[in-house]
Structure formats: C-alpha cells, structure tokens
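Dear colleague,

I am handing over the structure below, and I would be glad if you could read the notes that follow it with the coordinates open.

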Amino acid sequence: MEKTDSPLSPWMHGLLKFAGVYNIVAGLSMMILYHEGFKALGLPKPEFNMPIQLVGVLVAIFGVGYLMVDRNPVENRNVLLLGLLSKFLGPMLAFFYVANGVLPVVMLVVLFFADIIYWVPFWLIYQRIGKSN
C-alpha cells in the first residue's frame, strides 16, 4: 500500500511497480532461460553460464529495489540512483560491443526497452524525491 504522504505522483508509483516486476521477471529469465535469450539474439550459447546467471540475479535484485523505492521513496532514494546508473552504464557498455561487431544490432532494441526508456523517468523520480527532503 502506498503512503498517503508520498512525494511521488501516481504515474511514478506505477512506473516503479512496473520496473520492479519487469526486472524480477527479466532477472529470473536470465537465470533460468538464458539459452533461449542467446538463441533469440542469434548468439552462440556460452560454455560457462554463471556470469549470465549472476547478471540475472543482479537484475532481479534491482527489481526488488524499485519496489522498495515505490513503498518508501525517501528512505530508498539511493537505490533508485544505483538503478539509474546501472540503466545508463549497462547500455554504454553494450553500445561499445555493438559498435565493434561483437553484439548484433538487434541488441539496441533490447537495450531501449530494458534500460534507455527509464533514463528520463527515473531521473525525474529521483529529483522529485530529493525535493521532498
């Protein structure tokens, strides 16, 4: 249940809930269904899967973090900052690999819907929470 004294508007709460659930599902998929992800992107399946699964663990943990921010925005503001940094730095690394031909161009579509679309809304939410302190 949302606090009535929350500094966030309804769309911000909705986005944080969506991002939380999305990240949990995406993270679990990376842990369990990693081979389907590689197949869909046309990439060879790695011999050692633990790094992919570990990233899945981290993605799922960020999902839990976004749900924490939704419930207690002020107390968990810095969790959102970590998520924003992750959603910025991850695509920068991937852009490098796409530009160098290591990852397929279709990865840019994945990055857009998984990370880039959150840049502005997460920043606006972060700023709103900061103003309420």
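Predicted model: local features only at pLDDT ≥ 70, side-chain atom pairs only at ≥ 80, totals over all residues.

Buried here means under 20% relative accessible area, with exposed over 50% and partly exposed in between, for a 1.4 Å probe and protein chains only.

If neighbours within four places in sequence are set aside, Ile125 is in contact (heavy atoms within 4.5 Å) with Leu8, Trp11, Met12, Leu15, Leu16 and Leu80.

His13, which lies in helix H1, is buried, with a relative accessible area of 2%. Its side chain is joined to that of Ser6 by a polar contact of 2.9 Å, the term standing for a pair of N or O atoms within 3.5 Å, of which, within protein, one must be able to donate a hydrogen and the other to accept it, while residues adjacent in sequence count only if both atoms are side-chain atoms.

The largest pocket holds about 1,200 Å³ of space, and among its 35 lining residues Met30, Val55, Met107, Val110 and Leu111 lie nearest its centre. A pocket is an open set of points on a 1 Å grid over the protein atoms alone, where a 1.4 Å probe fits, with protein on both sides within 12 Å along at least five of seven lines; lining residues have an atom within 4 Å of a point. The volume is the space filled by probe spheres set on the points, which are joined across faces, edges and corners. H1, helix H2 (34-40), H3, H4 and helix H5 (107-114) each supply at least two residues of the lining.

As for the chain as a whole, there are six helices and zero strands, both taken as DSSP runs numbered from the N terminus (H or I, at least four residues, for helices; E, at least two, for strands). Of the 133 residues, 33% count as buried.

Residues are numbered from 1 along each chain as its sequence is written, and side-chain values use heavy atoms, with hydrogens and water left out. Local features need pLDDT of at least 70 and side-chain atom pairs count only at pLDDT 80 or more, whereas totals for chains, interfaces and linings use all residues.

With best regards
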